[in-house]
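Please read it alongside the sequence and the 3D view.

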Amino acid sequence: MDAPIYMDSHATTPLDPRVLEAMLPALTTAFGNASSSQHRFGWEAGALVEQARARVAALIHAEPSEIVFTSGATESNNLAVKGVAHRRRKGHIVTCAAEHRSVLDCCRRLEHQGFQVTYLPVLKSGLIELAQIEAAFTPETILVTIMMANNEIGTLQPVAEIGAACRRRRVYFHCDAVQAAAWEPIDVQALGVDLLSLSAHKMYGPKGVGALYLRRRDPRVAVEPLFDGGGHEGGIRPGTLNTAGIVGFGRAAELAAAERSADSGRVRALRDRLLEKLRVSPGGVIVNGALERRLPNNLNVSFENIGSNSPIGALGDIALSSAAACASASEEPSHVLAAIGLPAGLAATSLRFGLHRFSAEQEIEAAAAAVSAATVRLRR
């Protein structure tokens, strides 16, 4: 293999060169603090931040004033879930057993603080049944938090239907759209979303910057800040803004809006070709999650007849994962694969392929050949 192959874009995407180009002025000449309102350096940085805010808002059909910049998706999810709960002081939250850890761990902490939490199961496909959400509501329900696209198996949840159910009951709806934003059209008004989390480095932007959408009217969403210290971001998220990162985020959002459709079609064809090649190899291959309702760049498979041996250690310079990056240091099996009912032995053999904007056909061929060879050796 001539060069390493990157297929772990659910963990992070490569930085688009056009994003880096946009960031350079904020790292060199426009280096001022965006909150410095008394001189030109601050004005220039502040203008760049507001331009980026407008671009991120446009990606999800929101108003710029509804975008709060954060350090990334984990902070955005914490601010959404804990922010609503702490403002209300008590109540009931509905989430899903296959959510990202940054949501599940928030909910578990809130349980220790006296909040009630319902963890909805998922089908084998990874989908939530709408009837279960309807049945989970109580008079004390204050928040439903369900991700748009699963970060391990790529399943796309029925967000619009969930939003409509929450709207009927006047319950806030938070959606973690981190994995979906580069691939799926998002309209927070049409979806009935009240809070929505985004992360730049999952859409070819820089690490260390994210955003939380907070609806400003019908209804106006109020959250308790996580931190104290200054009036940045309308007092919701204090701290000096990462101007260069925010500029990169804005450019990445602009590119995603313009190129999402073309990227999705091309990458979906590559993903389907990869699956076709894997299925041709000897032995059984199981697709985890619903193939017809998933992100176009996602493929999560398990291999039969290789015991509980993961092929990942035999793949050399092919960057893959068997679970979410935030859980890769843990010896515990994937909570997502457990939630869809996959036996532990098969979960141990799983591989998560995350293709991206720059994936090439020759990489698909090489990766499929390497994985097939590894599984043949394990079966022997």
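Are Phe-69 and Phe-249 buried or exposed? Phe-69 is buried, and Phe-249 is buried as well. The model is predicted, and the values below are computed from it.

**Helix 1 and helix 8**

- Two packed helices are described by the angle between their axes and the distance between the axes.
- Helix 1 covers residues 17–27 and helix 8 covers residues 243–280; their axes come within 8 Å and cross at roughly 155°.
- Angles over 145 degrees count as roughly antiparallel, and helix 1 and helix 8 are therefore roughly antiparallel to each other.
- The crossing of helix 1 past helix 8 is right-handed.
- On the helix 1 side, the contact is made by Arg-18, Val-19, Ala-22, Met-23, Ala-26 and Leu-27.
- On the helix 8 side, these residues meet Thr-243, Ala-244, Gly-245, Val-247, Gly-248, Arg-251, Ala-252, Leu-255 and Glu-259.
- By class, nine residues in the contact of helix 1 with helix 8 are nonpolar, three are polar and three are charged.

**Aromatic pairs**

- Phe-31 and Phe-41 form a tilted aromatic pair, with 5.3 Å from centre to centre and 35° between the planes.
- Phe-31 sits in the loop between helix 1 and helix 2 (40–59), while Phe-41 is in helix 2, ten residues apart from it.
- Phe-31 counts as exposed because its relative accessibility is 54%, and the cut-off for exposed is over 50%.
- Phe-41 has 40% relative accessibility and so counts as partly exposed.
- Phe-69 and Phe-249 have ring centres 6.2 Å apart and planes at 65°, so this pair is edge-to-face.
- Phe-69 lies in strand 2 (residues 67–70) and Phe-249 in helix 8, so the pair ties together parts that are 180 residues apart in sequence.

**Gln-116**

- Gln-116 is located in strand 4, which spans residues 116–120.
- With a relative accessible area of 51%, Gln-116 is exposed.
- Apart from neighbours within four places in sequence, Gln-116 is in contact with Gly-91, His-92 and Ile-93.
- Gln-116 and Glu-129 are 13 residues apart along the chain, and their C-alpha atoms are separated by 21 Å.

Conventions: Residues numbered from 1 in each chain as written. Predicted model: local features only at pLDDT ≥ 70, side-chain atom pairs only at ≥ 80, totals over all residues. Heavy atoms only, no water. Axes fitted to C-alpha atoms, helices over the stretch in contact; angles between N-to-C directions. Helix = DSSP H or I, 4+ residues; strand = E, 2+ residues; numbered from the N terminus. Parallel < 35°, antiparallel > 145°, perpendicular 65-115°, else oblique. Left-handed = near helix turned anticlockwise from the far one by under 90°. Contact = heavy atoms within 4.5 Å. Nonpolar A, V, L, I, M, F, W, Y, C, P; charged D, E, K, R; others polar. Phe/Tyr/Trp six-rings, centres within 6.5 Å; stacked < 30°, edge-to-face > 60°. Buried < 20%, exposed > 50% of the residue type's maximum accessible area, 1.4 Å probe, protein only.
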